[in-house]
Amino acid sequence: MTDSHVPETRRPSAQPSAGAPLRHVRAKGEPRFPDGPKADPAGSHFERRIRSFQPRRSRVTAGQADALQRLWPLWGLDIDGRRVIDLAELFGNDRPVVLEVGFGMGEATARMAAADPDTNILAVDVHTPGQGNLLGLAERWGSSRPSGAESGGGLSNIRVGNGDAIILLREMLAPDSLAGLRVYFPDPWPKKRHHKRRLIQPEFLTLAAARLAPGALVHCATDWEPYAAQMLDVLTAHPGFENTVPGGGFAPRPAHRPLTRFEAQGLDKGHVVNDLLFRRVPHGDRRPDRNEDGHKERPPTG
C-alpha cells in the first residue's frame, strides 16, 4: 500500500480488467486510514520538545491495513492529550493496567496478553505497520477465548495507543492509575550528541512515578550495554523507585518477557541483553539512603 495513487487517466496500462473491483484513488488530504489511527493525533496543541522516538515510514501490508480499518475503532486510542482516560471504561473492566512504551511489531505484547488475561496492556507506538500487526495478532490469538467475545472476539486485554507516550502520561492518565511500565528495547540513540533523546531520563521517571501506583513494577530491557548502564544509574538514583534485585544490578530475564525474533538475532550476534526490574516505592516512604528531599544522605564529617 502506498501513500498516494496516480489517477488512472495518467496510467492507461493500469486500467482494471472487466469485472475487477475499482481501485480507490485517495484525494489530497484524505486520511490514509479513515477509521484508523491519525497521522498526528496531538497536532500542535503541545509545546515542541526533544522526542525520544522517530516515526518510521515503511510499507503497510494488506492484512495490517485491514486490521487498522476494522479494529482501530474497537481497540485503538489516539493520544491527543485532550482528556483524562477512564481506564476501566477503555478496557471494559477494572483489572490492573500495564503501560508498554514501544512494542515494535507486537509479537511479545500479544504473547504476554494471552499468557496473562487478568492484566490489561495499553501498548503505545507510532509505527503504523506495527499497530496494524498487533491488532491483527490480538484478533487471531484470542479468537478461541470465550472471554474475548465482549470486545468482538480477540485478546480483550489489549488496547493500542497511537502517539507520544509523554503526552499520554502527562495529560491523559490519572495519578496512581498504572500497575506497571514496560520499556523493551527502546531506541538507544548511540551517538553521544543524541543521548538527550533517550527515553529513560530522570524527568521521564518522575512523570511515570506520578502515574504508577505504589508497588508497580518498571521493567526495562535493552541489548545496548552503554544504555543499560545509564538506565541502571538513572533508576537507582531516582527516589521514587527501588531495585528488586538484592544488592542492586541487573535482573535475570523474567519468564513472562518472551524472547522475540529481534532479541534472538541480537543474541546470535553476541549482544548482551540486560533486564532491569524496579518497584515504585510507597508514597511518603523514602529509601534508607535518601533524605526527606529524596537526595542521597551525605556521610557525617569530622
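Student: Is Phe 185 buried or exposed?
Tutor: This is a predicted model, where local features need pLDDT of at least 70, side-chain atom pairs count only at pLDDT 80 or more, and totals for chains, interfaces and linings use all residues. Residues are numbered from 1 along each chain as its sequence is written, and side-chain values use heavy atoms, without hydrogens or water. Buried means under 20% relative accessible area, exposed over 50%, and partly exposed in between (1.4 Å probe, protein chains only). Phe 185 has a relative accessible area of 18%, so the answer is buried.

Student: Where is Phe 185 found?
Tutor: Helices (H or I, at least four residues) and strands (E, at least two) are DSSP runs, numbered from the N terminus. Phe 185 is found in the loop between S5 and H6.

Student: What is the phi of Phe 185?
Tutor: Most residues other than glycine have a negative phi. Phe 185 is not a glycine, yet its phi is positive, at about 55°.

Student: Which loop holds Asp 176?
Tutor: Asp 176 also has a positive phi, near 60°, and is not a glycine. Asp 176 is partly exposed, with a relative accessible area of 34%. Its place is in the loop between helix H5 (165-172) and S5.

Student: How many bridges join S5 to S6?
Tutor: Two strands pair if DSSP finds at least two bridges between them. S5 (residues 178-184) and S6 (residues 212-222) run parallel, and the number of bridges joining them is 6.

Student: Through which helix does the chain cross from S5 to S6?
Tutor: This β-α-β crossover is right-handed. That term applies if, with the strands pointing away from the viewer, the path from the first strand over the helix to the second runs clockwise. The helix covers residues 202-211 and is H6.

Student: Which residue in S8 stands opposite Val 218?
Tutor: S6 and S8 (residues 274-280) run antiparallel, joined by 6 bridges. Opposite Val 218 stands Phe 278.

Student: With which side chain does the side chain of Asp 275 make a polar contact?
Tutor: Asp 275 lies in strand S8 and is buried, with a relative accessible area of 2%. A polar contact is a pair of N or O atoms within 3.5 Å; within protein, one must be able to donate a hydrogen and the other to accept it, and residues adjacent in sequence count only if both atoms are side-chain atoms. At 2.8 Å, the partner is Arg 257.

Student: How many helices and strands are there in the protein?
Tutor: Of its 302 residues, 46% count as buried. The count is 8 helices and 8 strands.
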